[in-house]
Amino acid sequence: MKYMLLIHQGSAPTPYDQDAWGRLSEDEQQAVYADYQALNETPGVSPGLQLQPPETATTVRVENGSTLTTDGPFVAIKEALGGYFVFDADDLDAAIEVASRVPAARMGGAVEVRPVVEY
Amino acid sequence: MLASLIGFLGDFDLAEEAAQEAFVVAAERWPRDGAPANPGAWLVTTARNRAIDRIRRDRTLAAKTRLLELPETTEEPVDETTIADERLELLFTCCHPSLQLEAQVALTLRTLGGLKTEEIARAFLVPDETMAKRLLRAKRKIKAAGIPFRVPPDHLLPERLAAVLAVVYLIFNEGYGGRIDLAAEAIRLGRALAELMPDEPEVHGLLALMLMNDARRDARFADGSVVLLADQDRSLWNTEQIAAGRAGLERALALGGRGPYVLQAAIASLHLEEPQDWQELTALYSELARLTGSPVADLNRAVAIAEAGDIEAGLALAERLELERYHYLHATRAELLRRLDRADDARAAYDRALELVHSDAERLFLERRRAELQG
């Protein structure tokens, strides 16, 4: 089965927020990079994309034929998607195990595991 | 039988349909040809073959085609150990943490307890339709999200077993409040689990705990009111069940168990003795509180401290606990305040407990106690 792992940064520090990121020690910063690297090299993982922070998002709606754009993500900033990757696994337990290795999951964010529709 | 089929087919609906078909075939054939030597295994085999036929006919449903890769099933009967293992796998599937707790409970009762949807709905006081939807949603999720049918590997086992035990204990406690069928159902599940996982001390601990608590069922209520342990008519206790519970506790301890259920079983066992050893009970509640971080365990410790002689210390501990909305906290405070001759404070505590209590039998008990206050 294929699962998409949706990474929500929540309050996890990222390099986009230099203040928060700077409060991590050098070792902690390196560990974050190393962990994402290790995930991308895990068998079954198809590396996905990392998104710019949710503050850069524009949300588009069409009502009665006219396009409405608003600043920010569709959901609240803290709930916004930060990135994703795809994992090909035997079952949900395997996907949960990989999700638990995503740094955001232990640093104030969360990972949503969603099965992908396959035809 | 259903458990075995679901484990094999990985699909609740298909398994249910196949089981029904197998029964229909049996109803036709057995009166005519005589019942087979092993009717259970015959039914499983027949249902499996029916299910495979159905899958073959149903090729458009891509999700089910993977089942075709399974080896051809033969007419050989399924041996009992396979069925036992499949029941266990199914229990872990039903109690997977990615399902809502309510759904875990309902699925477990439906698939392993064999309760009907309407029975489960009645037990949890929800409309039939709500329960049917809850079950359907859970079954769909198991399939769509790829929740595995297996006993988790060792590194996941403690956590997942804890989830299974929590579901069984929750079913028991729903029954303990007065709905007897559910308590019996939980004990049945506990017995099955103890047979399937004979080396897990917590499994024996939970079963022992349930057996000993349930043994006092007939003595817990009189004239519509709760009867406290000390005032219970011991001749109403089920001594056979108490003995079975104590044997289970011994087994759990022999296996080196010191987990939350083993501790609670040890506590339950001590409570059945007269006089109770409140020093030992205080120590066990301390350990339980440390292990689980549960303020309810601390509340029980407070009671044990008071019973052991230091009412002031017990009250002081109770008053530090963050259990403002828990009626037992106020009922406990009321009782301890009464013993300290602080009638006004005790009355206020009874009032608060009465605001929060749900069960009529407990309400009646608290009202009587409050009325007995002097001054």
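Start with helix 15 of chain B, where Ala297(B), Asp298(B), Leu299(B), Asn300(B), Arg301(B), Ala302(B), Val303(B), Ala304(B), Ile305(B) and Ala306(B) are buried. Buried here is a matter of counting: 20 or more other C-beta atoms must lie within 10 Å of the residue's own, 12 or fewer makes a residue exposed, anything in between is partly exposed, and the C-beta atoms are placed from the backbone. Helices are DSSP runs of H or I with at least four residues, strands are runs of E with at least two, and both are numbered from the N terminus. Keep in mind that this is a predicted model, in which local features need pLDDT of at least 70 and side-chain atom pairs count only at pLDDT 80 or more, while totals for chains, interfaces and linings use all residues. As for labels, residues are numbered from 1 along each chain as its sequence is written, and chains are lettered from A and ligands numbered from 1 in the order in which they are written.

Back to that helix. Ten of the 13 residues of helix 15 of chain B are buried, so the rest of the structure largely encloses it. Its buried residues pack against helix 14 (278–292), helix 16 (311–320) and helix 17 (327–339) of chain B; a contact means C-beta atoms, placed from the backbone, within 7 Å. The length works out too: helix 15 covers residues 295–307, and at 1.5 Å a residue it should span 18 Å, which agrees with the 18 Å between its end C-alpha atoms. That expected span is 1.5 Å times one less than the number of residues. After helix 15 of chain B comes Gly309(B), with a positive phi near 130°.

Tyr326(B) counts as partly exposed because it has 16 C-beta neighbours inside 10 Å. Its C-alpha atom is 7.8 Å from that of Ala353(B), 27 residues away along the chain.

Now for a helix pair earlier in chain B. The axes of helix 6 (residues 101–111) and helix 8 (residues 128–145) of chain B come within 9 Å and cross at roughly 95°. The axes are lines fitted to C-alpha atoms over the stretch in contact, with angles from 0 to 180 degrees between N-to-C directions. Helix 6 and helix 8 of chain B are therefore roughly perpendicular to each other; that label covers 65 to 115 degrees, with under 35 roughly parallel, over 145 roughly antiparallel and the rest oblique. On the helix 6 side of chain B the contact uses Glu102(B), Ala103(B), Ala106(B), Leu107(B) and Arg110(B), and helix 8 of chain B brings Met131(B), Arg134(B), Leu135(B), Arg137(B) and Ala138(B).

Stepping back, chain B has 19 helices and two strands, and 40% of its 375 residues count as buried. Chain A has four helices and six strands, in the order β-α-α-β-β-β-β-α-α-β. Of the 119 residues of chain A, 18% count as buried.

Where do the chains touch? Six residues from chain A and nine residues from chain B make the contact. In the largest nonpolar core, Leu5(A), Val168(B), Ala186(B), Leu206(B) and Ala265(B) touch the most other members of its 104 residues. Such a core is a set of buried Ala, Val, Leu, Ile, Met, Phe, Trp, Tyr and Cys residues joined through C-beta atoms within 7 Å.

Terms used. Contact = placed C-beta atoms within 7 Å.
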